[in-house]
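Welcome! Please take a moment to look over the sequence and the fold before reading on.

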Amino acid sequence: MKNIHILWVDDEIDLLKPHILFLESKNYQISKATNGADAIDFIKEENYDIVLLDENMPGLTGLETLMEIKNIKSGLPVIMITKSEEEYVMEDAIGSKISDYLIKPVNPKQILLSLKKNLDHSRLITQKTTFNYQQEFQKITMDLAMINSYQAWVEVYHKLTHWELELENIEDVGMLGILESQKQEANSLFFKFIRKNYQELINNPDGPVFSHSLFKHQIAPELNQETGTLLIVIDNLRYDQWKIIEPHIAPFYKKTKETSYYSILPTATQYARNAIFSGLTPLDMEKKYPNYWKNDNDEGGKNLYEKEFLTAQMQRLQLDLKHDYYKITTAKSAKEFDTNFNSIKENNLTAVVYNFVDMLSHSKTEMNIIKELAGDDKAYRSLTLSWFKNSPIFSTLQKAQKAGMKLIITTDHGTINTKKPSKVIGFKDISENLRYKTGKSLTYEEKDVYVVKNPKEIFLPSQNINSSFIFAKEDLFFAYPNNFNHYVNYFKNTYQHGGISLEEMILPCAFFDPK
């Protein structure tokens, strides 16, 4: 530990000699001042790590000295020490951004604890977090070797995300590298699990909640005629992005439940989000609503009938509730929805799709500035959080809370930062998505994909009689042999969805009551 330099300001500094000797024995360097004016001069001339400041001094008071210190060096931490327990003194000190507030008489160990909390905080947290992850690393490694259920995969993914966010906070590059390797191993094993079990899971009524069963099993039971509910589907929101958004909802809403569900394959909007609102698999949507469903290469928008799908599903579930649906795709439409919030207050259910995160992932592919701003998962999360805190959706949530509405937040699929290409060849009718392909006579790297030669087995429609589906594993993306290098350089390190990864398939659904 470097030699910490402390300025202690107290008009009775001579009475504090035992405290000073104790701190010096702990390798702290102490400079002394007996009044505020001298302290201000010292701070102008010398660099201190922290200031211990008595509140009750003749001449400049502690609060007046504090204000001057903050004017000179706003980032210099100050611990206020006072005999006063008056609430206004505490409020003034806190309002002036003190680092701690101690009431006299204080003993040396109290001061030592406050110093460590303010100066050694990061190092101590880093050590503890690193130690805890090292212990957890072994447990996760053992879990990965034995895991064989969809529930266990949810638990492991949540653990990995927890440690990713914890290690990110301490910026331990070495530990983050180890975690990244563990995530890659997890995704490799998860792909093998899905390839082996997906057909059985999606055909099993006692299996995981998938996109097409989410509304029926998780959302519908929360709806009633007495309370309005705001259902927000944030397109393309991963679990890690959700975890950094969630704390900002806490001042307005209390969480009553959080579940996880599995996106269907392909993990793409036209399949997964239509499945949520219709309560049907893509194959059943094509059969029952041929005017609404479009396959990959059909012309026109692929998600134009979510409102109609929602109404039909609620009728099928015999939910006689007043409801409405809105799709937010621009800042203007988000502001209009927020401005007109009163028009939805009487609804039992208001479903809102926000497309921002999906647009962000596509923008990273197409715009160099977004590629710079979202170069990795940490930056991608940061951009998502910045959007959320500054978007009209945040205002809408607060209005919903004041109106006494329940809140449900979920998503349709996640996304993954793609790193490695996998060659694929097909006829001209091959679909365009980089993480899955459907079409006739596909040629591909067998080891890189989950192949479904009969799409009906996993409730997917076929474009043609001989059409099959392939889904990319881990962080791969499909590339054509023609102009291969240009294609790879353009799409490498971009966020894509449609394939098989923990990030794309395991999704949050959180339920809140207003505070």
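## Before we start

This is a predicted model, in which local features need pLDDT of at least 70 and side-chain atom pairs count only at pLDDT 80 or more, while totals for chains, interfaces and linings use all residues. Residues are numbered from 1 along each chain as its sequence is written, and side-chain values use heavy atoms, with hydrogens and water left out.

Helices (H or I, at least four residues) and strands (E, at least two) are DSSP runs, numbered from the N terminus.

## The parallel sheet

Let us begin with an open sheet of 5 strands, paired in parallel and ordered β2-β1-β3-β4-β5; strands count as paired if DSSP finds at least two bridges between them. The edges are held by β2 (28-33) and β5 (100-103), each of which has a single partner strand, so one side of each lacks a neighbour in the sheet. On average, neighbouring strands here are turned by 20° against each other, direction ignored.

Within this sheet, β1 (residues 4-9) and β3 (residues 50-54) run parallel and are joined by 4 bridges. The bridge partner of L7 in β3 is V51. Helix α2 (residues 36-45) packs on the sheet and touches β1, β2 and β3, its direction making about 155° with that of β1. Touching, or contact, means heavy atoms within 4.5 Å. Angles run from 0 to 180 degrees between N-to-C directions, and axes are lines fitted to C-alpha atoms, for helices over the stretch in contact.

## Nonpolar cores

In soluble globular proteins, nonpolar side chains tend to be buried together. A nonpolar core is a set of buried Ala, Val, Leu, Ile, Met, Phe, Trp, Tyr and Cys residues joined through side-chain atoms within 4.5 Å. Buried means under 20% relative accessible area, exposed over 50%, and partly exposed in between (1.4 Å probe, protein chains only).

The largest core has 97 residues, and W153, Y198, I249, Y262 and F471 have the most contacts inside it. Leaving out residues up to four places away in sequence, W153 touches L144, I147, A186, L189, F190, F193, Y262, L502 and I506. A second, separate core has 19 residues, including I4, W8, I13 and L16.

## A covered strand

F471 also belongs to strand β16, which has both faces covered: S468, I470 and A472 are buried on one side, F469 and F471 on the other. Strand β13 (residues 436-439) pairs with β16 in the antiparallel sense over 4 bridges, and β15 (residues 449-452) is also antiparallel to β16, joined by 4 bridges. Opposite F471 stand Y436 and Y450.

## Helices in contact

Helices α7 (residues 150-170) and α17 (residues 377-390) have axes that come within 12 Å and cross at roughly 90°. They are therefore roughly perpendicular to each other, a label for angles of 65 to 115 degrees (under 35 is roughly parallel, over 145 roughly antiparallel, the rest oblique). E164, L165 and E168 in α7 meet D377, K378 and R381 in α17.

For helices α11 (residues 269-278) and α13 (residues 306-316), the axes come within 7 Å and cross at roughly 35°. R273, N274, I276, F277 and S278 in α11 meet E306, F309, L310, Q313 and R316 in α13.

Finally, T129 is found in helix α6 (residues 121-146). At 7% relative accessibility, T129 counts as buried.
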